[in-house]
Amino acid sequence: MSKILALLLLLAMCVQLIKPLGYPGLRQRRDFWKIAVFAIAVMMLTVLVRP
């Protein structure tokens, strides 16, 4: 599950660089780093939740 999530977030970052997604906070190409910060936070949360 975490590998699928990582691939989806990586794909979203690539799409953001090519054509911005248009969501609030992601309207410009240079906002792709926000997706990366979100991905890191989700991965940390996954590690904390796992036993």
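Biologist: Why does Asp31 count as buried?

Modeller: Asp31 has a relative accessibility of 11%, and buried means under 20% relative accessible area, with exposed meaning over 50% and partly exposed in between (1.4 Å probe, protein chains only), so Asp31 counts as buried. Please keep in mind that this is a predicted model, in which local features need pLDDT of at least 70 and side-chain atom pairs count only at pLDDT 80 or more, while totals for chains, interfaces and linings use all residues. Residues are numbered from 1 along each chain as its sequence is written, and side-chain values use heavy atoms, with hydrogens and water left out.

Biologist: Where does Asp31 lie, and which residues is Asp31 in contact with, leaving aside its neighbours within four places in sequence?

Modeller: Asp31 lies in the loop between α1 and α2, where helices (H or I, at least four residues) and strands (E, at least two) are DSSP runs, numbered from the N terminus. Contact means heavy atoms within 4.5 Å, and, with neighbours within four places in sequence left aside, Asp31 is in contact with Gln16, Gly25 and Leu26.

Biologist: Is Gln16 buried or exposed, and how do you know?

Modeller: The relative accessibility of Gln16 is 0%, so Gln16 counts as buried. Its place is in helix α1, and, leaving aside neighbours within four places in sequence, Gln16 is in contact with Leu21, Leu26, Gln28, Arg29, Asp31, Phe32 and Ile35.

Biologist: What makes the approach of Gln16 to Gln28 a polar contact?

Modeller: A polar contact is a pair of N or O atoms within 3.5 Å; within protein, one must be able to donate a hydrogen and the other to accept it, and residues adjacent in sequence count only if both atoms are side-chain atoms. The side chain of Gln16 reaches the backbone oxygen of Gln28 at 2.6 Å.

Biologist: What makes Leu9, Met13, Leu26, Ile35 and Ala39 a nonpolar core?

Modeller: A nonpolar core is a set of buried Ala, Val, Leu, Ile, Met, Phe, Trp, Tyr and Cys residues joined through side-chain atoms within 4.5 Å, and these five residues form the largest one. Helices α1 and α2 each supply at least two residues of this core. Ile35, leaving aside its neighbours within four places in sequence, is in contact with Leu9, Ala12, Met13, Gln16, Leu21 and Leu26. In soluble globular proteins, nonpolar side chains tend to be buried together.

Biologist: Why is Tyr23 called exposed?

Modeller: Tyr23 has a relative accessible area of 53%, so Tyr23 is exposed. Tyr23 is found in the loop between α1 (2–18) and α2 (32–49).

Biologist: Which residues form a nonpolar patch on the surface with Tyr23?

Modeller: Ile4, Leu8, Leu11, Val15 and Leu21 form the patch with Tyr23, and together they have about 570 Å² of accessible area. Patches are made of residues with over 30% relative accessible area and no salt bridge, with like charges joined within 9 Å and nonpolar side chains (Val, Leu, Ile, Met, Phe, Trp, Tyr) within 5 Å. Accessible areas come from the Shrake-Rupley method with a 1.4 Å probe, and for residues only the protein chains shown count as cover.

Biologist: How many helices and strands are there in the protein?

Modeller: The protein has two helices and zero strands, and 16% of its 51 residues count as buried.

How values were computed. Salt bridge = Lys/Arg side-chain N within 4 Å of Asp/Glu carboxyl O.
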